[in-house]
Amino acid sequence: VQFFNPNLALNMLPKMFPEFYYYGAPENIPEPQLLPRGPRDPPMAHAEEIAQKIGNKKPFFLFINSSETHLPFDTPATQITPEYTQAITHFYEATRSKKIYKTNTRPVGEQERELILAAQVRAVEWVDSQLVILVANLPKEFPTLCVIMGDHGEEVGENGRYGHGYPSPQVMQIPLWATVLEKQV
């Protein structure tokens, strides 16, 4: 997600923390030209490495923006076919237009919509598998508050809209999970 990119001059976030790691492309790449990313490009592909960087630091704050669950939903589990690239291109065009489409004029066809929704599910499943690795490798010497949440949903043609710039149930309902990982002796 580009607004976390420390190589962008206006990004002040990296300067606010003693350690800041960014696993995205160093240059600002417009979508959908992000496709396909390499298997080590997604942030969650670095789950073990991230846990090792934490080591036994006490206390620590870890924030991961998992871009894999954002468009274009590309993970090592996603097949980037020409059909999928076209579907994502149509989705980005519809998102940028901010237009409300009638059923018979939708820019994303039903097969393209199904490809996008299936890729979104695979992306979430893949991120979940990486979270298992991350949590298993976190330090166990002290209790850890763990909060996992989404930042927004997406409309994929519901209500004639695309993207997340609307206050609809599809956009506003997000997952939230919180627990304390207890100290292990």
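**Figure 1. Helices α2 and α3 of the predicted model pack at an angle of about 95°, with their axes 9 Å apart.** Axes here are lines fitted to C-alpha atoms, for helices over the stretch in contact, and angles run from 0 to 180 degrees between N-to-C directions; helices (H or I, at least four residues) and strands (E, at least two) are DSSP runs numbered from the N terminus. That angle makes α2 roughly perpendicular to α3, a term that covers 65 to 115 degrees, whereas angles under 35 degrees count as roughly parallel, over 145 as roughly antiparallel and the rest as oblique. On the α2 side the contact, meaning heavy atoms within 4.5 Å, is made by E83, Y84, Q86, A87, I88, H90 and F91, and on the α3 side by E112, L115, I116 and A119. These residues divide into seven nonpolar, two polar and two charged, where Ala, Val, Leu, Ile, Met, Phe, Trp, Tyr, Cys and Pro count as nonpolar, Asp, Glu, Lys and Arg as charged, and the others, Gly among them, as polar. This is a predicted model, in which local features need pLDDT of at least 70 and side-chain atom pairs count only at pLDDT 80 or more, while totals for chains, interfaces and linings use all residues. Residues are numbered from 1 along each chain as its sequence is written, and side-chain values use heavy atoms, with hydrogens and water left out.

**Figure 2. The axes of helix α1 (residues 47-54) and helix α3 (residues 110-137) come within 8 Å and cross at roughly 20°.** By that angle α1 is roughly parallel to α3. The crossing of the two helices is right-handed, that is, the near helix is turned clockwise from the far one by less than a right angle. From α1 the contact takes in A47, E48, I50 and A51, and from α3 it takes in Q130, I133, L134 and N137. Five of the residues in the contact of α1 with α3 are nonpolar, two are polar and one is charged.

**Figure 3. A cis peptide bond joins L71 and P72, with omega about 10°.** P72 is found in the loop between α1 and α2 (82-97), and F73 is found in the loop between α1 and α2 as well. Phi of F73 is near 55°, a positive value in a residue other than glycine. Most residues other than glycine have a negative phi, and most peptide bonds are trans. F73 is buried (under 20% relative accessible area, with exposed over 50% and partly exposed in between, for a 1.4 Å probe and protein chains only), its relative accessible area being 1%.

**Figure 4. The side chain of T78 reaches the backbone oxygen of F73 at 2.9 Å.** T78 lies in the loop between α1 and α2 and, at 9% relative accessibility, counts as buried. When residues up to four places away in sequence are not counted, T78 touches F73, Y84, A119 and R122; among these, Y84 of α2 and A119 of α3 also belong to the contact of the two helices.

**Figure 5. K98, in the loop between α2 and α3, has a positive phi near 60° in a residue other than glycine.** With a relative accessibility of 48%, K98 counts as partly exposed.

Note on methods. A polar contact is a pair of N or O atoms within 3.5 Å; within protein, one must be able to donate a hydrogen and the other to accept it, and residues adjacent in sequence count only if both atoms are side-chain atoms.
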